[in-house]
Amino acid sequence: MQSIDRYMENNCNEQAMTPIANLDIAELEDRLSVILPDSYKYLLSNYGLLHTPNVMTKTCDLSVELSQVQDFLSLEDVYSLSKLYEMSGMPKGHIVFASDCKGNMFCFKLSDCEIEHTDVPVWFYEHEFHIVKKVSDSFCAWIGDFNKD
């Protein structure tokens with residue numbers, strides 16, 4: 001979870017953060033019939049939802065190809081948008097958790113969330129092409145990619 005803590009220290013010091021109660025996270029898991037990865041729950045329960053409009057600048061500074069996360073979704077949006085995006089063409093079996101500035105979504109595979117995991121891969125749904133591609137082997141690594149100097 002060090003990559004999450006480091007990301008927060010480097011990028012979110014000026015944001016007023018509101019951690020999300022574990023009970024609320026458990027309720028979302030029940031609604032989705034999944035077990036979300038511990039790393040994602042750590043972020044939510046320790047820091048809350050992120051809005052990262054400066055990620056594009058960070059991405060350009062890094063000179064690497066990173067999809068630009070802008071907002072982490074509220075728990076209600078995780079539930080409703082996962083269903084809505086699937087109805088509008090996203091391949092079945094994904095849980096969206098964050099968006100970019102173009103309406104694309106970062107997600108976890110439902111199959112990765114059937115049993116408890118510390119961490120799972122992150123996938124990126126490109127709504128224009130209706131494709132989902134793997135962008136990181138783990139949530140922590142994905143966050144960690146934004147930490148590289």
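How do α2 and α3 lie to each other? That was what I wanted to look up before anything else, and I kept in mind that this is a predicted model.

**Entry: α2 and α3**

I began with the two helices themselves, α2 at residues 22-32 and α3 at residues 38-46. Their axes come within 9 Å and cross at roughly 140°. An angle over 145 degrees would count as roughly antiparallel, so I noted α2 and α3 as oblique to each other. I also looked up the hand of the crossing, and α2 passes α3 in a right-handed one. On the α2 side the contact is made by Asn22, Ile25 and Glu29, and on the α3 side by Lys41, Leu44 and Ser45.

**Entry: Lys41**

One residue of that contact made me stop. Next I looked for its neighbours. Leaving out residues up to four places away in sequence, Lys41 touches Ile25, Glu29, Ile35 and Leu36.

**Entry: α2 and α5**

I then followed α2 to another partner, helix α5. These two pack at an angle of about 10°, and their axes are 10 Å apart. Angles under 35 degrees count as roughly parallel, so that is my note for α2 and α5. From α2, the residues Asp24, Ile25, Leu28, Arg31 and Leu32 meet Leu75, Glu76, Val78 and Tyr79 of α5.

From α5 I could step over to the strands. Helix α5, residues 75-87, lies across β2, β3 and β4, and runs at about 115° to β2. Which order do the strands of the sheet follow? I read it as β1-β2-β3-β4-β5, an open sheet of five strands with antiparallel pairing. The edges are β1 (71-72) and β5 (131-136), each pairing on one side only.

I went through some of the pairs in turn. β1 is joined to β2 (residues 94-99) by two bridges, and Phe72 has Ala98 as its bridge partner in β2. Three bridges join β3 to β4, where Met105 is partnered by Tyr125 of β4. Between β4 and β5 I found five bridges, with Phe124 partnered by Lys133 of β5. β4 and β5 also form a hairpin with four residues between them, and His130 in the turn has a positive phi of about 55°.

**Entry: β4**

How many of the five residues of β4 are buried? I found that five of its five residues are, so to speak, under cover. Val122, Phe124 and Glu126 point one way from the strand, while Trp123 and Tyr125 point the other way.

**Entry: α1**

Last, I turned to helix α1, residues 2-11. Its buried residues are Ser3, Ile4, Tyr7, Met8 and Asn11. Seen down the axis of α1, these fall within an arc of 135°, so they line one face of the helix. The face turned away from them carries Gln2 and Glu9, which are exposed.

Methods
Residues numbered from 1 in each chain as written. Predicted model: local features only at pLDDT ≥ 70, side-chain atom pairs only at ≥ 80, totals over all residues. Heavy atoms only, no water. Pairing = 2+ DSSP bridges. Contact = heavy atoms within 4.5 Å. Axes fitted to C-alpha atoms, helices over the stretch in contact; angles between N-to-C directions. Buried < 20%, exposed > 50% of the residue type's maximum accessible area, 1.4 Å probe, protein only. Arc of directions from axis to C-beta. Parallel < 35°, antiparallel > 145°, perpendicular 65-115°, else oblique. Left-handed = near helix turned anticlockwise from the far one by under 90°.
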